[in-house]
Amino acid sequence: MARKDHEKKRWCALGLMSGTSMDGMDAALLVTNGKYRVERGPGATFPFDPAFRNKLSDALGVAKSIEVRTGRPGNLAELEREITLRHADVVHRFLGANNLRISDIDVIGFHGQTVLHRPAAGLTVQLGDGQVLADETGLPVVCDLRANDMALGGQGAPLVPAYHRALAHNLPAPLAGLWPVAFVNIGGIGNISWISQEGRMIAFDSGPGNALIDQWVAQKAGIAYDAEGAIASEGTVISDLAARYLAESFFQKAAPKSLDRNDFSPPGIDAAELSDGARTLAHVTAASILKAFEHVPQVPAILVVCGGGRKNRIIMGELQDLLAKLPHRATGPVQLLSAEEAGFDGDAMEAEAWAYLAVRSLRGLKITWPGTTGIGKAASGGLLFQPRHIATV
């Protein structure tokens, strides 16, 4: 195919994501050429039942003993198959709900469930079997998108910046033309993508996202998460506790940098009253995002918040208050927007990103850069698995 025709071609990709919050599986459809042409389709979330979520949480402890990426100690091999079959079921349910056929889809981008991320050791483990998913769905599957980056000396995260850059060039008026743009995803861990008008990207994990809050309310009250910040709204920030978190050496470390879910631990159960602890940890999440601005060339004109944390009104309120204290840019204060206010779908964005990255992988396009993961030279990545039977529907 001639290059100009290849540039015009668009792939219909289905992205599947199960994030560090371990609350469920997201699926999203994207039609793209793997560059700046993106057409966002439907998205949906398929929650994990509490028993399976507990099983995933237990797996984090088992995974600490993994020494090589293919290691599956204890029950992890069995769990990997179960995760994969759950994703296959999601594919079929998603296609059926949206009146789509298997033949409508060109590729699946499959993230899997991260159970270990140790960049200093060059080790990252996502549970999910690409060949099983391809066989169960009858579709090509691109997965293991982090592995090549780590093999080449990168942090293996974050990978979403490539998609954030495409979205930054698709912002609606009157936001179009305001640069730099930053996206922050608040999942279990927070991560930020900073994008200049010229396409330069700087990205790294910013600090704790929802994971500490989830762990805190779970151990203190047996509640899975603080819905919309309701618990935190009744508390106050414990300054010395917040200061201890924000004094961690991670925040002074230069980018790029990435975190494992277990790199930060919740306070001891007697450290605070329930609502005060939740409010303090919400403040830590917001303040860590502002600390991330210390590692980018220019404070962004627009900050788009994605992930489940955008629904926590205390985190968003803390962010707004902290942004208001910054010196105003020439174009005015930093505009804080949820993904939806920017014209996007914050629940589907990471799944969309995996669809986008799958297409870039198929095309051999770069998915990580020195400014996003610390890799020495920009590189592509991902493994492609073809189904061992032909899809007929």
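**Before you start**

The model is predicted, so local features are taken only where pLDDT is at least 70 and side-chain atom pairs only at pLDDT 80 or more, while totals for chains, interfaces and linings use all residues. Residues are numbered from 1 along each chain as its sequence is written, and side-chain values use heavy atoms, with hydrogens and water left out.

**The whole chain**

Select the chain and colour it by secondary structure: there are 12 helices and 12 strands, where helices (H or I, at least four residues) and strands (E, at least two) are DSSP runs numbered from the N terminus. The radius of gyration is 20 Å, close to the 21 Å that the globule rule gives for 393 residues, so the chain is as compact as a globular protein of that length; the radius is taken over C-alpha atoms, and the rule is 2.2 Å times the number of residues to the power 0.38. Along its principal axes the C-alpha trace spans about 60 × 50 × 40 Å.

Now show the surface, of which the chain exposes about 15,700 Å², with carbon and sulfur atoms supplying 51% of it; accessible areas come from the Shrake-Rupley method with a 1.4 Å probe, and for residues only the protein chains shown count as cover. Buried residues make up 57% of the 393 residues, where buried means under 20% relative accessible area, exposed over 50%, and partly exposed in between (1.4 Å probe, protein chains only). Of the contacts (heavy atoms within 4.5 Å) with a separation of 6 or more, 71% are between residues 24 or more positions apart.

The buried residues include His-164 and Arg-165.

Move on to Pro-174, in the loop between helix 6 and strand 7 (181–186), and display the backbone: a cis peptide bond joins Ala-173 and Pro-174, with omega about 5°.

**Loops with a positive phi**

Most residues other than glycine have a negative phi, and most peptide bonds are trans. Select Asn-99, in the loop between helix 3 (76–97) and strand 4 (107–118), where phi is positive, about 55°, although the residue is not a glycine. Asn-99 counts as exposed, at 73% relative accessibility. Ile-102 has its place in the loop between helix 3 and strand 4, but Ile-102 is buried, with a relative accessible area of 10%.

Glu-228, in the loop between helix 7 and helix 8, has a positive phi near 60° and is not a glycine. Glu-228 is exposed, with a relative accessible area of 53%.

Select Ile-289 in helix 9 (residues 274–292), which is buried with a relative accessible area of 1%. Leaving out residues up to four places away in sequence, Ile-289 touches Val-184, Ile-186, Ser-206, Leu-303 and Leu-319.

Then select Ala-358 in helix 11 (residues 349–363), buried with a relative accessible area of 0%. Its contacts, apart from neighbours within four places in sequence, are Val-107, Ile-108, Gly-109 and Val-142.

**The largest cavity**

A cavity is a set of points, on a 1 Å grid over the protein atoms alone, where a 1.4 Å probe fits but cannot get out, and its lining residues have an atom within 4 Å of a point. Grid points are joined across faces, edges and corners, and a volume is the space filled by probe spheres set on the points. The count comes to three cavities of 30 Å³ or more, and about 60 Å³ of space lies in the largest cavity.

To see its lining, select Gly-188, Ile-189, Pro-208, Ala-211, Leu-212, Gln-215, Leu-259, Asp-260, Arg-261, Asp-263 and Phe-264. Helix 7 (residues 211–221) gives the most to this lining, with three residues.

Key. 1 Å grid on protein atoms, 1.4 Å probe; cavity = no way out; pocket = protein on both sides within 12 Å on 5 of 7 lines; lining within 4 Å.
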